[in-house]
Amino acid sequence: MIYLWDRTNGIEELVDRRVKTIRIDGMTNIRDGAIKGTELRFLEKRLRQTLMLIIPDIVINQWMPSSTVDRAMRCLDSALIKCHHGVIKHTPQIKRLRQKVFYTVFGKKAGWIRMYPELKKDYIHSDAWVLLSHATKRDAKYLIKWAEEDRLKVIPNPLPYSVNENNINIDKKKKEVIFVGRVIELKRVWYLLEAWKMIEDKVPDWKFRVVGDGAFLENEKKHAEELSIKNIVFEGFKEAKPYMQEASVLMMASSQEGFCMVIAEAQQCGCVPVVTDSFPAVHDLIQDGRNGVLTSDNDIKEFAEAVYHLICHEEQRKKLAKAAMADSQRFSVASICDQWESLFKTVKICRKYGSQI
């Protein structure tokens, strides 16, 4: 595992100690999730030096530009797999004048135009392109119409928690609704606060917990005060699993997500998700009325009514919770590892014989 910077947040270490880790030092302009162009040549050189020592069969590129990784791999007989864990059609929070002009001129096509050059390079410079959902794959095919079907693979992330279903008693779930995630603009926690305000007086024995930290945490606390919300607790950054195991309902209203693993984690814990239909991959996670509830995007009243309905109809909530727990097993570590191993065998064979996947 080759990485660029250390980040600790007080939670359990997720990398098995038997995995060899190599840190590339010397980067000066690293930001979380992005590398400035001036650093890419330096990174390419250091990455090449590292790869020449390892001589890997397969390189999995998690988020660097594939063109940079591909150049670092020159003269190596290694396959390159690119993971794309974000959205295909980019819809930013428009703040700058340049963005306003761009999205005004190009309208609905702007999101596709914005992403095309970057994703085209990722596709060209990779032997396989791994996406998190079938909905994202459809978007990729729409954007890169000449992309070969077999090179686009769908492998979701695995559930990070090991949960013993026997330890989750649906009948003893607490009267709690939760949000879990980073408290940032695209998560739209304000949307959840306004929905909760609509129903909290009708369910005085229920509580809303916000589990997470982020740049918008203080804004959301202030918004909750302005709305005079009473039954709410801002937990800050905490280990999410205990809250999901105890809570009855998860609320999510993100404006966009690559996949939103929190939904699958909640389902695994028997916590029924109520989610806005605001990003394509949500349909890979939720079958409305079976293992969760989907509501129209930008309809806070409908969202609030869906949460209230689940709170008031305990048997239906339990039914959805049980189905959610069963369905979440398709994201188990064993299931996802099998899919990765199958891909590894395929790219190695194709690399050996010079064929397409």
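The model is a predicted one, in which local features need pLDDT of at least 70 and side-chain atom pairs count only at pLDDT 80 or more, while totals for chains, interfaces and linings use all residues. Residues are numbered from 1 along each chain as its sequence is written, and side-chain values use heavy atoms, with hydrogens and water left out.

Strand β6, residues 79-84, has six of its six residues buried, that is, under 20% relative accessible area with a 1.4 Å probe and protein chains only, whereas exposed means over 50% and partly exposed lies in between. On one side of β6 these are A79, I81 and C83, and on the other L80, K82 and H84.

| Partner of β6 | Bridges | Facing residues |
|---|---|---|
| β7 (residues 128-131) | four | L131 with H84 |

Helix α7, residues 217-226, buries L217, E220, H223 and A224. Seen down the axis of α7, these buried residues fall within an arc of 120°, so they line one face of the helix, the arc being that of the directions from the helix axis to the C-beta atoms. They pack against α6 (189-199) and β11 (232-236), with contact meaning heavy atoms within 4.5 Å. The face of α7 turned away from its buried side carries the exposed residues E218, K222, E225 and E226.

Methods: Helices (H or I, at least four residues) and strands (E, at least two) are DSSP runs, numbered from the N terminus. Two strands pair if DSSP finds at least two bridges between them.
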